[in-house]
Every structure is written in structure tokens, then in C-alpha cells.
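Here's a quick tour for anyone new to reading protein structures. Take a look at the picture, then go through the points below.

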Amino acid sequence: MSQATYNKMWTDAQKDLDIQLRREREEFLQPEKDRVKVFKMLATSYIKYMQIFRNLETAHDQLVHRQKRAVIRQVLDGVIGRILEVKKEMVELENSEFHYIDNILEDLKLLPEDIEVPIPRYFIKEKLEVLQQREKILDQILLNTGLQIQKPLKAMTFEEAIKAIQVAERARQGRCRAAFMKQIYLEEKRERQTKLQVQMGPNPDAAATRIQKVWRGYIQRKKTVKMREEEMIFLGMSLPPHLKATSVSQMYAGQVNALRSEAQERHEEDIKDKLREMEGLNIKETLQDQIGQCFIECRHIIGKFPDYPTEAAGGSMAILSEKTPEQVAAELAAKEEMALQKKAQKEKKEKEEGKEKTKGKKTQKTGKKEEDEGWKMGPSNFLSIMEEGSSQYKAVWQNRDERWDFLQDHDPELIKEEKRGEVEEEIRAQVDELMQQKLQNLKLAVDGEKSDKQKKGRKSEKKKKTTMRKKIPEMEEDLTPDRTIDSLYQELAEEGLLIKAKTVNLSDYVGSQTVHEKAPVVKALLLAGPAGVGKKMLVHAICTETGANLFNLSASNIAGKYPGKNGLQMMLHMVLKVAKQLQPSVVWIGDTEKIFSKTVLKAEEEMNPKRLEKMLPKFLKALKAQDRVLLVGTTSRPFDANLKPFCKVYQKIILIPRPDYASRFVLWKHLILQNGGAITNLLNISCLARVSDGFTQGHIVQAVRAVLSELRLLQMTRKPLRTAEFTTSLARQDPVYREEEETFKAWYAKTPLGKAQIRALAESEKAGKGKTEEGNKGKKKN
């Protein structure tokens with residue numbers, strides 16, 4: 001598609017966003033008592049924002065124009081944040097992670113695919129070089145330690161080399177002899193034809209024979225070509241046709257994306273260099289003159305040269321504030337007064353809030369206040385970001401005449417404005433160093449003053465001593481101050497705690513719709529479900545889509561490593577330090593129920609699975625809001641764990657069920673085609689989806705791979721695939737029985753969200769009974 005198409009997509013998304021923001025101002029500010037109406041409002045907003053997000057993300061990725069992409073990125077970040085806020089409200093309203101919005105999708109004439117969450121491509125693109133370099137380092141570490149085995153190149157023996165040369169030479173001689181014999185055959189054929197034409201006239205039978213001969217030769221050549229292709233595919237020297245077509249299209253798409261990325265980044269450095277050359281000297285001289293003039297004026301008023309402001313205070317920016325010393329002193333006094341006033345106001349507010357809280361407790365006991373007010377949308381952190389981006393679009397880009405801009409790659413004037421500030425900052429840093437030295441020389445020459453470094457040094461030593469006295473939380477204390485991140489990274493990789501994530505995309509996960517939900521912004525996430533539903537696959541998919549490091553702290557993986565309390569503390573400290581420094585990171589704990597298990601089996605006593613139980617809450621406490629580190633636990637037996645500490649660690653619990661009929665239908669079709677199979681009338685996908693009820697995604701994958709062997713794929717042209725082949729393979733596996741499903745549901749009902757859901761259902765039933773009783777009383781009176 002052309003750049004004009006993506007420009008239109010951006011314009012349409014901005015119009016939809018304006019409509020949605022206007023709608024939110026009208027609807028969400030008013031309290032609403034009807035919970036059904038509230039959910040419909042939230043679900044509609046979620047769907048609308050998701051459509052806007054998809055369009056903005058595509059436009060941001062495909063547009064070449066750098067300034068446009070910067071504006072889109074600002075709005076895109078706001079939309080993503082708002083989607084998460086709306087999703088949070090939906091969860092709190094329904095007390096459930098999963099929502100049924102089919103009726104709303106039907107009203108809006110949309111498909112479920114239209115609201116699937118795409119992973120923003122800039123997650124990986126913006127730090128592609130860093131991720132590739134990190135992957136190379138990890139591969140090298142794993143190869144050196146023997147944890148990853150590189151496929152060795154098979155060395156050819158002398159006899160094998162001679163045999164290969166002989167085969168090639170015999171083939172060459174055969175081709176030469178075949179060409180020579182063909183030439184002789186054609187000459188003899190021509191001679192025979194001339195003799196026949198002389199002896200006999202035109203014959204219809206001969207003409208018919210000639211046509212048959214040509215046709216049979218054509219058919220045979222076609223069959224031969226097909227047999228050669230099948231042979232090359234069987235030998236592994238060529239790809240199957242469907243994979244070949246995919247690989248060609250992928251290569252072309254990759255080339256286009258690479259060229260587009262180059263176009264997106266070009267010209268910026270050239271413009272910056274030109275600005276530095278043309279305006280850099282003038283900027284430098286102007287800054288030096290202004291700072292020097294300030295020194296002289298200050299000494300004239302105060303009687304001595306001022307101290308040069310520190311880098312934290314703004315450096316020369318603080319000097320060039322265009323204010324006299326008297327004005328600065330007056331400003332400082334005013335600031336102190338304002339601070340005192342704010343403090344007094346804050347104390348008053350705290351007292352008022354305390355009174356309101358006590359009143360609120362009383363109203364909670366009665367429950368009347370909440371019923372009177374109804375639901376109201378909480379404050380948003382992202383509406384202002386979206387509105388700012390929208391206003392910027394209207395001011396700069398909405399009515400902009402771009403007929404002259406045929407390339408649609410950049411606007412030189414806008415880049416100059418942006419880069420001029422960067423050039424000024426770079427030059428300012430150089431000027432600050434020069435003028436600081438000049439100020440010291442002036443002080444020595446004129447006033448005879450010494451630099452304040454010695455005085456400051458003493459003060460800083462005192463400060464250090466006082467700061468050392470402060471208590472540092474256990475997990476936040478730096479136990480490895482003398483070690484580099486690279487050395488810690490290498491040690492964790494060598495110990496097998498930092499592992500390489502498998503390349504899995506969320507689009508490869510074909511199953512329940514719930515797995516396409518965006519990973520929630522929480523510190524800890526639990527994926528629970530029967531074996532084979534794809535919990536581990538989702539962990540690897542999160543790492544692939546976000547470019548995150550993967551740390552494996554499963555009980556089986558850390559057994560025997562870093563023994564004792566100090567060793568465990570050191571291990572978690574190293575993981576936390578590297579995860580924060582090289583974020584985003586995912587800390588994965590497989591079979592996490594073993595850490596919180598009620599009883600430890602004798603076979604697992606040596607593994608000591610409960611050693612992380614007391615340290616995990618401290619580990620999570622050390623994670624700040626800005627840290628992009630996620631703890632992910634996976635379990636197929638959550639009911640074996642103590643519920644209270646388990647739910648305390650994992651704030652968000654997602655129960656992944658086995659796939660439904662629609663998911664199984666898509667899964668069977670996708671896997672058969674992906675593994676080289678062909679779907680004909682003899683293969684009933686609907687029947688397979690029905691028969692596989694009770695089986696997980698893992699079971700279906702194993703059944704497909706067992707049937708579609710290399711030999712079976714070669715036989716497929718003569719012997720098409722049949723339904724019975726897959727059902728026989730599937731029957732050899734054990735399904736997820738109903739008792740196990742009921743156990744999962746019973747366990748989830750005991751979790752905080754499950755309890756809240758049961759309470760909400762009970763309250764709604766009571767309210768429904770109350771209404772029916774009132775109605776019955778009214779009827780009796782009448």
C-alpha cells in the first residue's frame with residue numbers, strides 16, 4: 001500500500017479518537033446505577049479503542065515520515081494506556097478476567113478478529129540492534145559452557161571426497177554422452193522423415209500419430225519434472241510448494257520493511273551535522289559572551305564573582321535566566337513562603353480526609369451511600385496524553401498542504417527545529433566546562449579566591465556517612481557493587497538461570513480467545529490450567545514479542561544452586577539486578593505450586609522446592625512501578641498450594657481452559673496445513689473438532705505430528721489424508737476429564753476474584769428476589 005493509504009488510516013483513526021473522547025466526556029462523568037448499562041459502555045469503549053489502536057499501530061509502523069510517526073507514537077501510547085484502564089474497570093465491575101461481548105460485536109458488525117490485540121512492532125524495532133547483540137552474547141556463553149550444542153559440520157573423509165568427485169565426473173560424462181547421442185538421433189530422424197515424405201504423400205494416420213506423439217511427450221515431461229521436484233523435497237534439497245511461496249513472500253516483505261526502516265532514519269544525522277557546522281560556532285560565541293557578561297554584572301552588583309551552578313541545577317541555563325541577583329533573592333523568599341503555605345494546606349486536607357474516612361466507614365456499614373451514587377469512571381492518566389496528541393495533530397497536520405512532498409519521508413524545517421535544540425545542548429555542555437575554568441581563573445586573578453572543591457569534598461564525605469546510616473531494604477541492598485552487569489549476566493547464563501527463550505509469536509498460539517488478552521501491567525501473573533493448554537508457550541511468546549530476557553527460577557532448575565539463605569539471597573539479588581538493568585525481563589517459575597505446597601513429597605525433598613516461599617514477596621516488593629520486570633508462574637496443579645500466600649504473591653490469575661469447538665476447528669486446520677498436509681473432501685475437520693472435545697492444544701499437536709511423517713507426506717498425492725488417521729492417533733492420549741475441570745473451577749472460586757464473583761452473583765439474586773416479592777405484593781393488593 002502507498003503512503004497516502006496509511007496517511008488516510010491515520011486521519012480516520014484521529015477522527016474516531018475525537019468522537020470517542022467526546023463520548024467519554026459525556027457518558028463517563030455521570031454516575032450510573034445500572035451495572036448492565038455500565039458494562040455495555042465500557043465494552044463499547046474497549047472495542048472502539050482497540051480499533052483505533054490497530055489503525056494507529058499500522059500507520060506508525062508503515063509511515064516513513066519521521067515527524068508524523070512521533071505524533072502518532074504519543075497518541076498510541078495514550079490509547080494503549082487507556083485500553084488497560086478500561087480493561088481494569090471491566091474486571092472490577094464483573095469480577096472476572098474474561099468477558100462475553102459477542103452481542104456488542106454483533107451490533108457493531110465486527111468479528112472477534114477485529115479486537116485481537118496486536119503486539120506493537122516498535123517494541124522490538126526500537127532496540128533491535130541491542131537485542132541481536134545480547135542474543136549473540138548469550139549464544140556464545142551457552143556454547144562455551146556446553147548448555148547449547150551447535151550442530152557440528154561433518155568432516156568429509158578422503159574416501160568420501162573421492163566418491164563425490166567420481167559421482168560428479170560420471171554425471172558430467174553421462175550428460176556429454178546424452179547430448180552427443182541426442183544429436184545423432186535427431187540427424188537420423190530428419191533423414192527418415194525426408195525419405196518418407198518423398199516416397200508417400202500426406203497421410204491422415206501419420207498426422208494423428210504425430211499429434212499423439214507430441215502430446216504424450218509433453219505429458220511425460222511434465223510428470224518427470226514433478227517427480228524430480230518430489231525427489232528434491234524428499235531429500236531436503238528443496239522446500240514444499242506452500243512453504244516456498246510463504247518464504248518468497250516473507251523475503252519480499254522483509255526487504256520492503258528493511259528499506260522502509262532505512263528511509264525512516266535517513267537525513268536526520270546529515271541535518272544535525274549541517275546545523276553544527278553552520279550555526280555551531282555562532283551559538284558557542286553567543287553563549288560565551290552572555291555568560292561572561294553575567295559574571296561582570298554580578299560582580300558589579302554583589303562585589304564578587306558568583307559560584308558556577310552545578311549540572312543538576314542547570315549549568316549555564318541557570319545563569320542565563322535574565323534575572324538580577326535581587327530578583328533571584330526575592331524569588332527564593334517567595335518560594336519559601338509558598339512552601340510553608342502548601343504545607344499548611346496539606347495538613348488541613350489530611351485532617352479533612354481523616355474525617356471523611358470515618359464518615360465513609362459508617363456509610364459502608366449501611367451501604368446506602370454507594371447505592372445512591374452508583375458507578376463512576378475513575379480518573380485517567382492517559383486522557384490528557386491523547387488530547388494533547390490530538391490537538392497537536394489538528395494544529396500541525398490536519399490541514400497541512402503536502403502536495404509538494406512527493407517522497408513523504410521527512411520535513412527538513414521540523415527536523416531543524418528539533419535538532420537545533422540538541423545541538424545547543426551539546427555545545428552548552430562544552431561551553432560550561434570552558435566557562436567554569438574561566439570563572440576559577442577570574443576569581444584567582446581578581447578576588448584571590450580558591451575553588452570550593454575542598455569544602456564541598458568535606459561536606460560530601462559527611463553526607464555519605466549520614467546516608468550510610470539509613471536502613472536499606474533486604475532485596476534492594478547491592479550485594480555485588482564491584483561486579484559489572486556483563487559478569488553477572490554471564491554467571492546467570494552459565495548456571496542455567498538465564499535461559500534462551502524459544503521463538504514463539506502470539507499468532508502461533510491457536511486456541512482459546514482469552515490468551516490473546518494483553519499481559520496485564522502487574523508485578524506477578526499466574527497462568528493456571530491443565531497440562532498441554534500452552535502455558536509455557538505463552539511465557540516464551542511474551543519474551544519473543546517484547547524482546548524480554550527469560551530467567552528460569554523453577555524449583556527443579558535452581559535445585560543445588562546457590563545453597564543456604566545467603567546463597568539464595570545472592571541469587572535473587574543477581575537476577576533482580578540484571579533483570580532491571582537489561583529490562584524488559586520475565587522471571588518464570590514453572591510448577592510454581594511446589595513453592596507454596598502444603599506437603600513436600602519424599603522424592604522432591606532434595607530439590608527443596610519451598611526455599612523461595614519467604615523470599616518471593618520481598619523480591620516483588622523490590623520491584624518499582626517503573627521497572628519492566630514481570631514474574632510469571634505456571635501451574636497445572638494450583639490446588640496443591642496453600643491458597644493465602646499463593647494468591648498474595650500472584651496478584652493476577654488467569655485460568656486457561658481447554659479449547660472450545662471453534663478453537664479446535666481452527667487449530668486442526670492450521671496444524672495440518674502448517675505440517676505440510678492437504679485438506680480434501682475425505683478429511684472432515686468438523687468431525688475432528690467434535691471428536692477432540694476434552695483434549696488440549698498439546699494433544700492435537702502431538703496427534704498431527706504423529707500422522708504427518710515424511711513418508712506419509714510423500715504418499716499424500718496418491719493416498720489423501722482421512723479423518724480416521726487422526727482420530728486413531730488422538731485416541732492413544734488421555735484427555736482432560738470432567739473431574740479435573742471441576743477441580744480447577746472449585747479452586748478458582750476460592751481465589752479473591754472468584755470469591756468476589758460469587759458474592760456479586762448472590763447479591764444480584766437477592767435483588768432479583770426482592771423485586772419479584774414486591775411485585776407479588778402489589779398484585780395481591782390490587
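Let's start with one side chain: Arg 658 makes a polar contact with the side chain of Asp 693, at 2.7 Å. (A polar contact is a pair of N or O atoms within 3.5 Å; within protein, one must be able to donate a hydrogen and the other to accept it, and residues adjacent in sequence count only if both atoms are side-chain atoms.) Keep in mind that this is a predicted model, where local features need pLDDT of at least 70, side-chain atom pairs count only at pLDDT 80 or more, and totals for chains, interfaces and linings use all residues. Residues are numbered from 1 along each chain as its sequence is written, and side-chain values use heavy atoms, with hydrogens and water left out.

**Around Arg 658**

- You'll find Arg 658 in the loop between β6 (652–655) and α23 (661–674). Helices (H or I, at least four residues) and strands (E, at least two) are DSSP runs, numbered from the N terminus.
- Is Arg 658 buried or exposed? With a relative accessible area of 19%, Arg 658 is buried, because buried means under 20% relative accessible area, while exposed means over 50% and partly exposed is in between (1.4 Å probe, protein chains only).
- Leaving aside neighbours within four places in sequence, Arg 658 is in contact with Val 533, Arg 664, Asp 693, Gly 694, Phe 695, Val 736 and Glu 741. Contact here means heavy atoms within 4.5 Å.

**Salt bridges**

- How many salt bridges does a search of the whole structure find? The count is 18, with a salt bridge being a side-chain nitrogen of Lys or Arg within 4 Å of a carboxyl oxygen of Asp or Glu.
- One of them pairs Lys 500 with Glu 135, and their closest N and O atoms are 3.8 Å apart. Lys 500 sits in the loop between β1 (498–499) and β2 (524–528) and Glu 135 in helix α6 (residues 128–145), so this pair ties together parts that are 365 residues apart in sequence.
- Both ends of that pair are partly exposed: Lys 500 has a relative accessible area of 33%, and Glu 135 has 40%.
- Glu 169 and Arg 172 form another salt bridge, with the closest N and O atoms 2.8 Å apart. Because they are three residues apart in helix α7 (residues 158–199), about one helical turn separates them.
- Glu 169 is partly exposed at 31% relative accessibility, and Arg 172 is partly exposed at 39%.
- Lys 594 and Asp 591 also meet through their side chains in a salt bridge (4.0 Å, N to O).
- There's a network too: salt bridges that share partners join Arg 658, Arg 664, Asp 693 and Glu 741.

**The sheet**

- Six strands make an open sheet, in the order β1-β3-β4-β5-β2-β6, with mixed pairing. Two strands pair if DSSP finds at least two bridges between them.
- β1 and β6 are at the edges with a single partner strand each, so one side of each has no neighbour in the sheet.
- β1 and strand β3 (residues 549–552) run antiparallel and are joined by two bridges. Leu 498 has Phe 551 as its bridge partner in β3.

**Cysteines**

- A search of the whole structure turns up zero disulfides, a disulfide being a pair of cysteine sulfur atoms within 2.5 Å.
- Cys 176 is partly exposed at 44% relative accessibility, and Cys 687 is partly exposed with a relative accessible area of 30%.
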